[in-house]
Amino acid sequence: MRSLIDILDFTVEEVNELIATANDIIDNPDKYCERCKRKKLATLFFEPSTRTRLSFEAAMIELGGSVIGFSAANNSSAAKGESVADTAKTISCYADIIAMRHPKEGAPLVAAQNATIPVINAGDGGHNHPTQTLTDLLTINREKGGFENLTVGFCGDLKFGRTVHSLITALSRYSGINVVLISPDELKLPSYIKKDVLKKNGIPYKQTTDLESVMPELDILYMTRVQRERFFNEEDYLRLKDSYILEPKKLVNAKKDLCIMHPLPRVNEISVAVDDDPRACYFKQVLYGKYIRMALILKLLEEAEK
Ligand code: NCD
């Protein structure tokens, strides 16, 4: 059974196909409005979510299917001690496809190993978030026309930010990518990603604590929230949470065609005054998330029927 647990589960060609389908859905929504008739998506969210869960639900509804699920662990039998494996076996009796978010790294993989239907990782702890990455790739593709020869700055919580981990992994398969890692010392990209992804693929990268000094080089600036829920103590969070606040004055030396992205939710890291800048892409990114998830549901359901 084909699932999506890690972005590398799909080849570059498959990612390109998903992007092509999403673009076709944007242009011809009516063509797709009954494609998932009588199919059910189960959204199993053991952690909070607005965009990921609701975009999956909107995606399935726009494909003509329906949605069941829960939006918090305490609304499910997990609160009674049920294992992820048993939950996955149970939901396989009711639904055709699962989107799961869980605070524990690897939980969606365990679900996929036990389900008899496709499982989509909708975020597992501080590890991965492959459907945000598909969203980000569709955004980059539409804004930049491709993935080659881009200097991409990642700013904020690079330690716990799972969207950063998955996007760096995805971008490491394209040529001419340069990565700039901008974070406080305490929130640097984990060394396993530097070693297994950046160094292994020969991706040039540099690390800095100073956003403004690297701003003129960037084609893409990927801002992130400091991940409060993954900190061991509140004091550290309070000290680090406002490390970077993007304001219009910090963009004066940025490229005219910079693409500013953020997986959202934002807390303080992008001032609302930036929202009107034509380079701000984060709300377009939200919309693209629904279309790429439509393409993903279609692909996994088609493969399950083979
Ligand atoms: C991200 C996540 O859940 O990792 N949000 C999202 O899915 N768009 C980023 C975050 O919560 O900071």
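## Cavities

A cavity is a set of grid points where a 1.4 Å probe fits but cannot get out. In this predicted model, the count comes to three cavities of 30 Å³ or more. The largest cavity holds about 70 Å³ of space.

Its lining is formed by Arg51, Ser55, Gln132, Thr135, His262, Pro263, Tyr282, Gln285, Val286, Gly289 and Arg293. By class, the lining of the largest cavity has three nonpolar, six polar and two charged residues. Three helices each supply at least two of the lining residues: helix 2 (51–62), helix 5 (130–144) and helix 10 (282–305). Helix 10 gives the most, with five residues.

## Ligand site

The ligand sits in the largest pocket. Around the ligand are Thr52, Arg101, His129, Gln132, Arg162, Thr163, Arg225, Gln227, Pro263, Leu264 and Pro265. This shell divides into three nonpolar, five polar and three charged residues. Gln132 and Pro263 are among the residues around the ligand, and they also line the largest cavity.

## Polar contacts and cover

An N or O atom in the side chain of Thr52 is 2.8 Å from an oxygen atom of the ligand. For the side chain of Gln227, the distance from an N or O atom to a ligand oxygen atom is 2.8 Å. The backbone takes part at Leu264: a polar backbone atom there is 2.9 Å from a nitrogen atom of the ligand.

On its own, the ligand has 320 Å² of accessible area, and the protein covers 94% of it.

Definitions and conventions
Residues are numbered from 1 along each chain as its sequence is written. This is a predicted model: local features need pLDDT of at least 70, side-chain atom pairs count only at pLDDT 80 or more; totals for chains, interfaces and linings use all residues. Side-chain values use heavy atoms; hydrogens and water are left out. A residue is near a molecule or strand if one of its heavy atoms lies within 4 Å of it. A polar contact is a pair of N or O atoms within 3.5 Å; within protein, one must be able to donate a hydrogen and the other to accept it, and residues adjacent in sequence count only if both atoms are side-chain atoms. Accessible areas come from the Shrake-Rupley method with a 1.4 Å probe; for residues, only the protein chains shown count as cover. On a 1 Å grid over the protein atoms alone, a cavity is a set of points where a 1.4 Å probe fits but cannot get out, and a pocket is an open set with protein on both sides within 12 Å along at least five of seven lines; lining residues have an atom within 4 Å of a point. A molecule sits in a cavity or pocket if more than half of its atoms lie within 2 Å of its grid points. Ala, Val, Leu, Ile, Met, Phe, Trp, Tyr, Cys and Pro count as nonpolar, Asp, Glu, Lys and Arg as charged, and the others, Gly among them, as polar. Grid points are joined across faces, edges and corners, and a volume is the space filled by probe spheres set on the points. Helices (H or I, at least four residues) and strands (E, at least two) are DSSP runs, numbered from the N terminus.
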